[in-house]
Amino acid sequence: MKRILAGNWKMNLLLAEARALFDEVAAGLRGRGDLACVLFPPATLLAPLAAALREGDPRLGAQNCHFEPKGAFTGEISAEQARDAGASHVLVGHSERRRLFCESDPIARQKLQAAWRAGLKPVLCVGETLAERERRETRDVLARQLRRALEGAPSRAPLWVAYEPVWAIGTGVVATAEEVAEAHEWVREELTLAGRGAAGAAGNEVPILYGGSVDAKNAGPLARTPGVDGFLVGGASLKAASFLEIARHLAAGPPD
Ligand code: PGA
């Protein structure tokens, strides 16, 4: 399995800046067949970036989608529309969506179903808050989020999971290698229970990415952490230099 580098641009960049960043990242990754890269720009930038895509460029993903295919949902974008605009992937259940826009596990479940219906590959984001970690509930929280979101999911539907502890997102506080390894193991166990196969099961393998304050400095040790199949990077994906440095670490450091 190729290691995965995903960049979540969140609500940043205008078209000219996005084009320049995309081109720099694409040029830096050219010939780097050992990594799969997906960038998640704001929805308004999907179509113009997709129009200029060249073979071997990073793929594009939407940061969100509505779960209905169409209808009276002012301000929303369907999975079909995201796909039509050039997305191949979509983030589901990002902690900012959960926290700031009240998205629950059942909504994440409906969005996963919508993504599959539209032919998008969903990246399901899970993770505990600081209070939950302090109460030693991390394992239960991850199990609950995964179980509820994956209820009724077809066993071979394409899926990536991102473990993103809420307290590490955008804070500069990164989880330790031990915390990441342990959480990834719990996620893997839960995926196996959900019939999504242990690592290595042909055609059924779900990569698990780590996200939360990954940057050029901490990416090396994190990339060598067992169970880490890639990264979902926010802030450090907005500068080509830091993103490409993270890519270098990821390509260089698979676990032994
Ligand atoms: P961060 O964001 O790298 O800025 O912490 C990660 C994410 O939200 O996916």
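Student: How far is an oxygen atom of the ligand from a polar backbone atom of G235?

Tutor: The model is predicted: local features need pLDDT of at least 70, side-chain atom pairs count only at pLDDT 80 or more, and totals for chains, interfaces and linings use all residues. Residues are numbered from 1 along each chain as its sequence is written, and side-chain values use heavy atoms, without hydrogens or water. The backbone of G235 supplies the polar atom here, and its distance from the ligand oxygen is 2.8 Å.

Student: What percentage of the ligand's area does the protein bury?

Tutor: Areas come from the Shrake-Rupley method with a 1.4 Å probe, and for residues only the protein chains shown count as cover. Taken alone, the ligand exposes 280 Å², and the share of this that the protein buries is 95%.

Student: Which residues come nearest to the ligand?

Tutor: A residue is near a molecule or strand if one of its heavy atoms lies within 4 Å of it. There are 13 residues around the ligand. Those that come nearest are K10, H94, E164, G170 and S213.

Student: How many residues of the shell around the ligand are polar?

Tutor: Let's sort by class: Ala, Val, Leu, Ile, Met, Phe, Trp, Tyr, Cys and Pro are nonpolar, Asp, Glu, Lys and Arg are charged, and the others, Gly among them, are polar. The shell has 4 nonpolar and 2 charged residues, while the polar ones number 7.

Student: Where does K10 lie, and what is its phi near?

Tutor: Helices (H or I, at least four residues) and strands (E, at least two) are DSSP runs, numbered from the N terminus. K10 sits in the loop between β1 (3–8) and α1 (15–29), and a polar atom of its side chain lies 2.7 Å from an oxygen atom of the ligand. Most residues other than glycine have a negative phi. K10 has a positive one, near 50°.

Student: Is S213 buried or exposed?

Tutor: S213 is in the loop between β7 and α9, and its phi is also a positive value, near 60°. Buried means under 20% relative accessible area, exposed over 50%, and partly exposed in between, with a 1.4 Å probe and protein chains only. S213 has a relative accessible area of 17%, so it is buried.

Student: How are the rings of Y163 and Y210 arranged: stacked, edge-to-face or tilted?

Tutor: Rings of Phe, Tyr and Trp (its six-membered ring) pair if their centres lie within 6.5 Å; planes under 30 degrees apart are stacked, over 60 edge-to-face, and the rest tilted. That rule gives a count of 1 aromatic pair. The centres of the Y163 and Y210 rings are 6.2 Å apart and their planes stand at 50°, so the pair is tilted.

Student: How many residues apart in sequence are the parts that this pair ties together?

Tutor: Both Y163 and Y210 are buried. Y163 belongs to strand β6 (residues 160–163) and Y210 to strand β7 (residues 208–211), so the pair ties together parts whose separation in sequence is 47 residues.

Student: Which side chain makes a polar contact with the side chain of D229?

Tutor: D229 lies in the loop between α9 (219–223) and β8 (230–233), and its 14% relative accessibility makes it buried. A polar contact is a pair of N or O atoms within 3.5 Å; within protein, one must be able to donate a hydrogen and the other to accept it, and residues adjacent in sequence count only if both atoms are side-chain atoms. A polar atom of the D229 side chain lies 2.8 Å from the backbone nitrogen of I208. The side-chain contact of D229, at 3.4 Å, is with R188.

Student: Over the face of which residue does R97 lie?

Tutor: E103, in the loop between α4 (95–100) and α5 (105–118), makes a polar contact of 3.1 Å with R97, side chain to side chain. A charge sits over a ring if NZ of Lys or CZ of Arg is within 6 Å of the ring centre and within 35 degrees of the ring normal. R97 lies at 4.1 Å from the ring centre of F101.

Student: What distance separates the C-alpha atoms of R54 and T225?

Tutor: R54 is in the loop between α2 (43–51) and β3 (59–62), and at 54% relative accessibility it is exposed. R54 and T225 are 171 residues apart along the chain, and their C-alpha atoms are separated by 32 Å.
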